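Hi,

Here is the structure I promised to pass on.

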Amino acid sequence: TCVHSFFQGCFVFKPSSKKRKTRSLGETCVNPKSKNITWIYVLLEVLQEELNKKILDSLLDFAKKCSTTRQHCDWASKMRANEIPTAALVLGVNVPDHDMTFQSLFDLLKHSVTPHVVSVQAKECGVLKHLLKRVLEGLMDVAVDDDDEEEMEQNPRSVHCSLSTLSDWYTAKTKVTATPGKKRNVQDEDEHHHHHQTPPVVIIFKDLEGFNPRVLQDFISICSRYIDRLPLMFIFGIATSPSTVQHMLPHSVSSLLCIELFQSLSCTQHLATVIDKLILTAQFPFKLNGKVMQVLISIFLYHDFSVRNFIKGLQLALLEHFHSQPLSILCCKKKEALLNVTLLSGRDLETVRQLPSFIRFVEKQEAGEQVKLMTDDDHLKEACQKLIKDLRKYHKSYYPVLRCLHTLTSLLPRYPLGKQIRELHLICLEKNVWENEDYQSAMKLLKMLAKDELITSLRKCSEILSSAKSKKMKKAFTELDELLAKFKHLDGKLEKINDIPSLTLCYKKIERLSPCRCHLPPPESQTLYEVCYYSSSATVRRHLNATPRTSIQTALSSPCFYLQNESLKNEDGTVSNSAPDICIAYKLHLECGRLINLYDWLEAYATVVSAAEGQDPDCDTFGKVDDVKHARFIRSVSELEFLGFIKSTRQKTDHVARLTWGGC
Amino acid sequence: MTGVLHHPGYADEKLQRVEQLIPCRELQAGMLVSLMGQLPHAAVSCVECVSAALLYERVLTSFFGRSAASFLPRSPSLSEFVRLYRHQRSQSPAEQTRYIVMEKAELLRDADANLLPALLRLQELVDDNITVILLSEIVWEKFRPNTGCFEPLLLHFPDYSKGELQQILSTDSHPSYSAELYSSYINILLGVFYSVCRDLRELRHLAALNFNKFCEPLTEGKVKETETHKLWRNIEPHLKKAMQTVYIREVSSLQWEQMQQTEDEGGALRGLSAHTHVELPYYSKFLLIAAYLASYNPARTDKRFFVKHHGKIRKTNFLKKNEKTSNHLLGPKPFALDRLLAIFYSVVDSRVAPTASIFSQISSLVTLQLLTQISHTDQLDAPKYKCSISLDFISAVSRTVNFDIVKYLYDFL
């Protein structure tokens, strides 16, 4: 749903962006953006499904298996029939991400295993009665009689809140569906029908840790009393570790369950997939620069482990880019981009001329060409088309080469260039990777690598290159293949003096790598990179990693930052006298020590406010406290107290204590 | 075996059937039967009765039918139940004693204070020939309400002896094998498990799980049914392994069966408690470390641990004799949010902005039950927490961030 709301947000602001640009480009400029956005949206959905597919499939299998083994009548399963089949689903600590997984699990179960699925959350089930009520309501779709809610009118449809009600309902339900099966009376389908007559009743506990252990224990022991009539099945959603089950349930209760463990991929693996599919691909024209990437990754690793938040951050960057960069209309598929170049207005072309990367490009040209580029619009458009094509070529070779370099360096001891490909990507985004010290040491280590290891990783490289499409990469691929062939050749010939050939070969290998280097310069070195790369890391950080404390302090110490009122600005940056009352009170309190005398504070306040009202400093009433000023002062003091800057103290009645340190 | 149970109200045949259902309880059953007659009864499980209303409804339904229970008002009181019962009784008077059997009666102690005394005097209250039977696993002394209640008759059911267990378990014999074989199997099983487990249900479960393995040499044709010693040699190590895993539910019965089919991969299957590792975001780890330190170090020692130039703190003053080493024995102590953050900022190695996500991490640690919030959630001002993880857990966490936690713990100084 969050993804949805994001895109609604995007479409809400679409008309305004249209208005802004219609004078230059008309309709066409909007299309690539929305196309882009819808595309990433579809991609994300597919990705989400893919991420959880494996674990959901195995869970479904488990559910199906459980419902079929119940039908078996052999001795062993009869002896075990009083256990409740339970799946312990370990999903990792990023609890907000789980909702989506549970929703798709719920839908899948409903669709392919049983119509009777209900999921419960700990916060709705503080006591046993509420848990029972939630389960009954979810399964039977009726109002459940809950004794202590007086305002609920006597509902004729309401039922008693007990599991026997559920069991009766289930028996009635399955009997009804059984009759048409009997009528048909087809023998082949008999077993099939039998299976469908008693679909399991699945109860999903979304957050096991949150449940009161007592409630859970009682619920399980009640359920086990009905297991012969009611084919129950539990799914426990666990965020921490499976041993939680043992901590929460005593042996007498856990022996009623038959627990099977399902462990989802770790969130870092999820992140790696997302990065692999969305970021390390030339397919998708929108890119993040190193700093933004760094912000998103560090929020993930340091703060929340939430893949969903990472994707949200990506979407935010996407929207910001299209919103703030007028040249983002060129950030789309090749054909459209080339078309859009021809539609650029004079104003847009002026923006192009001011791009730092373009200025650098112009400086490298001959004098005549320079003048042409700066004055002739048509010539500029042609140049832009060429530059856009170059940028695409750069991307097409960048990613395969990056992957190759990663395969080679990821097996080196202590990972000089990072264990994960995202680390290497960050290094490459930052600066020329071959100037990096770690790169040098990696190359040295590579020379010392055992021959067969080197060959296997080179094989992997050639696999990566074989799927690349650009001409340069194809050439590199054939060269690498030749090299591998040579290896084989030498292998047969020089088995006796093993060391020397492998060394020489390594040198050859390094020589092979050096052309690769020319594909990995940072994007900043590319002309027109601003079109595709979003670079405002501060915006992303501000939006995704809010600092409430800093915001409050900014608001209090420089109100003009938020109020955007010129009259509040002082030349020296201090708070002007005409600032809101609370800002003045805040400023004055900064000058005090740990304890603040309220009367002194009030006097100082009255003086400042009088000055703001333009009273004559020599006048008698200047700085006198009247009722209105008094009231305003009291209000701002209580506001400061509410914000947690001061609190009343018992030491001195007319004093308040400061709760923050550092002054002026 | 027959002849223990006799009652004029029952046909002998019927009593014998009951006897088969409850082997080894002939003596107690005989006593109960001699005390009671033909039995109109209501069986109620106290776990299930989340409210007294449910209990009343069950009782009325089983004695007088559903229509009687429908007269109960919403949230009925005890007196309403009594009134309704008396009304119903006058319409259909008891021909024989009516019985209410309450399972897990110990839970009645947590119910309304008047429920248990009232049940004990129910006969008086409703003026009917009614008896209440309480079934419980704990002694009556722990039940007894403070004042004015009738003492029930106590009937003690002793534990099953080994022989009795053997006899009961042998009745489950597998249809395709002889009863003698199953009986000898049970004998072996009890030899291994009797010292640790006397729970009939659990033993039956274990017997069912391991029987296939026991029969393996038979189906393969290596051993004959009579060669019990060989069978014993085959199954014994297997049962010992089962004791360490299935018995304590380390692995589920389903996994155990699969394990047997795939033939011992040297414990390749890890039990539930083997997975104790929890992956946490970087700052969450430090928050957890800070919380642990705040919970187990006395607040006055913070200066010594976390202030760089703390000046001289006299050793004798710092190390109070009885305080030392006792913190871990006494368990975690509550701490305020301020102290947690102060310690957090001094242990984390980089400068961290006090962002919203730091605070949300604290609350997510609470939802994961790694921290516990002591103060009520409504209290926004200075919330208090406790750290609810073990030393092993926190040592593992701090190892991943290269933080030597033992150096910072007062107990280990």
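**What turned up**

Gln369(B) sits in the loop of chain B that runs between helix H18 (356-367) and strand E5 (371-373); helices (H or I, at least four residues) and strands (E, at least two) are DSSP runs, numbered from the N terminus. Its phi is near 65 degrees, a positive value in a residue other than glycine. Most residues other than glycine have a negative phi. Gln369(B) counts as partly exposed because its relative accessibility is 42% (buried is under 20% relative accessible area, exposed over 50%, partly exposed in between, with a 1.4 Å probe and protein chains only).

Before going on: this is a predicted model, where local features need pLDDT of at least 70, side-chain atom pairs count only at pLDDT 80 or more, and totals for chains, interfaces and linings use all residues. Residues are numbered from 1 along each chain as its sequence is written, chains are lettered from A and ligands numbered from 1 in the order in which they are written, and side-chain values use heavy atoms, leaving out hydrogens and water.

Chain B has another positive phi, near 55 degrees, at Asp127(B), again a residue other than glycine. Look for Asp127(B) in the loop between helix H7 (122-126) and strand E3 (130-134). With 47% relative accessibility, Asp127(B) is partly exposed.

Over on chain A, a positive surface patch includes Lys334(A), Lys389(A), Lys393(A) and Lys474(A) (patch residues have over 30% relative accessible area and no salt bridge, with like charges joined within 9 Å; a salt bridge is a Lys or Arg side-chain nitrogen within 4 Å of an Asp or Glu carboxyl oxygen). Helices H18 (377-409) and H22 (471-493) of chain A each supply at least two of the patch residues. Lys389(A) belongs to helix H18 of chain A and, at 37% relative accessibility, is partly exposed.

Cheers

Conventions: Patches are made of residues with over 30% relative accessible area and no salt bridge: like charges are joined within 9 Å, nonpolar side chains (Val, Leu, Ile, Met, Phe, Trp, Tyr) within 5 Å. Accessible areas come from the Shrake-Rupley method with a 1.4 Å probe; for residues, only the protein chains shown count as cover. Lys and Arg count as positive and Asp and Glu as negative; His and the chain ends are not counted. The place of a charge is taken as NZ of Lys, CZ of Arg, CG of Asp or CD of Glu.
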